[in-house]
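Please look over the sequence and the model before reading on.

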Amino acid sequence: MANIITTRNVRLYYGDHEALHGIDLDFPKNQITALIGPSGSGKSTFLRCLNRMNDLVSGVTITGSLKLDGKDIYSPQTDVVALRKKVGMVFQQPNPFPFSVFDNVAFGLRLAGIKDHKLIQERVETSLKQAAVWEEVKDNLTDNALSFSGGQQQRICIARVLAVQPEIILMDEPTSALDPVSAGKIEELLLDIQDKFTVAIVTHNMQQASRISDRTAFFLDGKLVETGSTKQLFMAPKQEATSDYLNGKFG
Amino acid sequence: MRGIFEDELKKLHGKFTEMGINVSEAIYRASKSFIDHDKLLAQQVIDHDEQINEEEIKLEDQALMLIALQQPVATDFRRIIIVLKASSDLERIGDHAVGIARESIQLKGEHRIEEIENEIGEMTNNVRSMLEEVLDAYVKEDEMGAKKIASANQKIDEDYAEVREKTIKMMKQDSKVITGSASYLMVASYLERIGDHIGNIAEWVVYNETGHLAELTPDHHPEEK
């Protein structure tokens, strides 16, 4: 199984304080990898290293090796905009731009310099379909994206990410602000797009991780305690800490 | 999420039915090998049992995975639990078929009692049609059908009591038939136990539908009469 992203000995410092203590984690192509762990365990911080979101935080230093398709993500030659086109991101709170559904989804395509209107139209439709929101918005594509429900907004945001056909999609608690039905729709769409995309998802919801992911990584206190197939991790974890966390003994 | 769960569950139930058909075949062949004194066929039943055991392990593994990863509740939970429970009944039925096949291999009786052998053949047919009906009720989630099977099991118990009584009578009359008759008793008792396991499966079908654990047939021990 080819890995889209490989990381070795990733350490992240806020000033002098080391927050990630040497993470080795790979993300295999066309698989959903779930990052679980209690608050403050470093899972989101680590996820944000993968598309250099932490660059925006002052005083942050990152060491170690992080590679996308074998190329160093932190190389001075890396074009961060191009990187983020390949490594898309979906956040906890739906964050559509305050303009139409169509323009939201087309935004990344136009940014990438695509002018062919027909191609844009096709891509918008495909992406909205992949994000399982097409049926709900197809007659209102010109409506402001903010006028839709939270669950629909989040799926529009996912469509916006899918439209630029990223190699991997990072999701930071994408369903925690949504009701269970909307969350279920997102889980289902992730399974549906799995043959075309690779997903890394941070989630507090262990059931969600067990239901949808192929692999799970358990973070605790800035360390990667255990990683493996979701089946193995949930049914027979090797580490006691993993078992304790899954059983709700802490976190 | 329904999609994945439903698909997996459907596969699981499909495999269960397949296992049921294999087990039914094993009963048929074991009993035939006994009546025909066909040691080769008996050996095939014994060899084939390993495959049935493997099928059960695979079923269990998948069911456990669904429980651990999908964390089903309510009706979904019951639908998985019954696969786990009923597949172990099927596996035990397979073991009893092996027991019958072992009797066929050990069989040394020149002195056969046709009447008893006919009754064993009849019991086998009854047990197999019960198994087929229970598999059908399982697939159709047919509570009423399952309840009928539980009462059919009473008939098997009665058949067993009858075979036992007749065999013992013959043994008393003629010591030459004792060796062969011991096997008749064993085989009939295996068939009786198979009936009980089928009754258990019927109870799981009812549980699936109602959520209530019910004893459909009160424990019936004809040998204690």
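In which helix of chain A do A:Glu125 and A:Lys129 lie, and how many residues apart are they? Both belong to helix α4 of chain A, which covers residues 117-130, and they are four residues apart, about one turn of the helix. The model is a predicted one. In it, the side chains of A:Glu125 and A:Lys129 form a salt bridge with an N to O distance of 2.6 Å. Side chains of opposite charge can pair when their charged atoms come close. Over all chains, the structure holds 26 salt bridges.

**The contact between the chains**

One salt bridge is found across the interface of chain A and chain B. Its partners are A:Lys231 and B:Asp61, whose closest N and O atoms are 3.1 Å apart. Four residue pairs are in polar contact between chain A and chain B, counting pairs with both residues at pLDDT 80 or more. On the side of chain A that touches chain B, the elements giving two or more residues are α7 (180-192), α8 (206-212) and α9 (230-235). The residues on that side of chain A divide into four nonpolar, four polar and four charged.

In total, the contact takes twelve residues from chain A and eleven residues from chain B. The two chains bury about 940 Å² between them, and 62% of this lies on carbon and sulfur atoms. Of the area that chain A buries against chain B, 51% is supplied by A:Arg211, A:Lys231 and A:Met235, more than by any other three residues.

| Salt bridge | N to O distance |
|---|---|
| A:Glu125 and A:Lys129 | 2.6 Å |

**The largest pocket**

Rolling a probe the size of a water molecule over the atoms shows where empty space is left. The largest pocket has a volume of about 610 Å³. Its lining consists of 20 residues, and those nearest the centre are A:Arg84, A:Lys85, A:Gly88, A:Met89 and A:Leu111.

Which element supplies the largest share of this lining? That is α2(A), with four residues. In chain A, α2 (80-86), β6 (87-90), α3 (101-111) and α6 (150-163) each supply at least two residues of the lining. By class, the lining residues of the largest pocket divide into 13 nonpolar, four polar and three charged.

Definitions and conventions:
Residues numbered from 1 in each chain as written. Chains lettered and ligands numbered in written order. Predicted model: local features only at pLDDT ≥ 70, side-chain atom pairs only at ≥ 80, totals over all residues. Heavy atoms only, no water. 1 Å grid on protein atoms, 1.4 Å probe; cavity = no way out; pocket = protein on both sides within 12 Å on 5 of 7 lines; lining within 4 Å. Points joined across faces, edges and corners; volume = space filled by probe spheres on them. Nonpolar A, V, L, I, M, F, W, Y, C, P; charged D, E, K, R; others polar. Contact = heavy atoms within 4.5 Å. Buried area = accessible area lost by both parts, 1.4 Å probe. Salt bridge = Lys/Arg side-chain N within 4 Å of Asp/Glu carboxyl O. Polar contact = N/O pair within 3.5 Å; in protein donor to acceptor, adjacent residues only side chain to side chain.
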